[in-house]
Amino acid sequence: MARATDLLVIALIVFPSMVLATEYIVGDDEGWNSGVDYYAWLDGKTFYVGDVLVFNYNAGDHNVIVVDADGYDKCSASPNWGSYDSGNDGITLSSPGDNYYICQWHCDYTDQKLKVTVLQS
């Protein structure tokens with residue numbers, strides 16, 4: 001029968017991204033809102049596969065649209081890879097590379113967008 005320490009070692013080897021994942025509240029106390037400096041918020045943070053971004057905002061005032069680099073640059077919500085509007089959206093970073101998020105209503109006007117570079121864990 002496996003000991004608890006053996007099971008912990010196996011879990012750390014097999015599920016490292018799940019065990020070591022960090023949850024980030026986008027914008028910290030300011031949340032996902034217009035006028036927040038997301039470039040400053042990103043400063044000093046390193047994101048890995050398995051980490052979770054939590055977007056907190058007033059539902060109906062904002063949304064979170066997952067876009068590609070072109071959608072990010074042009075503040076275009078179409079095409080997209082997901083749309084969230086609950087006001088408390090958790091998005092797991094599932095693959096390495098650049099990930100792009102915009103608020104389709106405020107990206108153009110207040111630069112409400114986020115680019116996160118994700119590293120393999």
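What follows is a short tour of some aromatic residues and the strands around them.

This is a predicted model, so local features need pLDDT of at least 70 and side-chain atom pairs count only at pLDDT 80 or more, while totals for chains, interfaces and linings use all residues. Residues are numbered from 1 along each chain as its sequence is written, and side-chain values use heavy atoms, with hydrogens and water left out.

Let's begin with Tyr39, which sits in helix H3 (residues 38–42); helices (H or I, at least four residues) and strands (E, at least two) are DSSP runs, numbered from the N terminus. Tyr39 is partly exposed because its relative accessibility is 49%, given that buried means under 20% relative accessible area, exposed over 50% and partly exposed in between (1.4 Å probe, protein chains only). What does Tyr39 touch, leaving aside its neighbours within four places in sequence? Its contacts (heavy atoms within 4.5 Å) are Tyr72, Asp111 and Lys113. With Asp111, the side chain of Tyr39 makes a polar contact of 3.3 Å. Such a contact is a pair of N or O atoms within 3.5 Å; within protein, one must be able to donate a hydrogen and the other to accept it, and residues adjacent in sequence count only if both atoms are side-chain atoms.

Tyr72 leads us on to the ring pairs. Tyr72 lies in helix H4 (residues 69–74) and Tyr100 in strand S7 (residues 97–102), so their pair ties together parts that are 28 residues apart in sequence. The ring centres of Tyr72 and Tyr100 are 5.2 Å apart and the planes are at 50 degrees, so this pair is tilted. Rings of Phe, Tyr and Trp (its six-membered ring) pair if their centres lie within 6.5 Å; planes under 30 degrees apart count as stacked, over 60 as edge-to-face and the rest as tilted. Tyr72 is buried, at 8% relative accessible area, and Tyr100 is buried too, at 12%.

The structure holds six aromatic pairs. In one of them, Trp32 and Phe55 have ring centres 5.0 Å apart and planes at 85 degrees, so the pair is edge-to-face. Both Trp32 and Phe55 are buried. Ring pairs also link Trp32, Tyr38, Phe55 and Tyr101 into a cluster.

Finally, Tyr101 brings us to the strands. Val66 stands opposite Tyr101 in S7, and in S8 the bridge partner of Tyr101 is Leu114.

Methods. Pairing = 2+ DSSP bridges.
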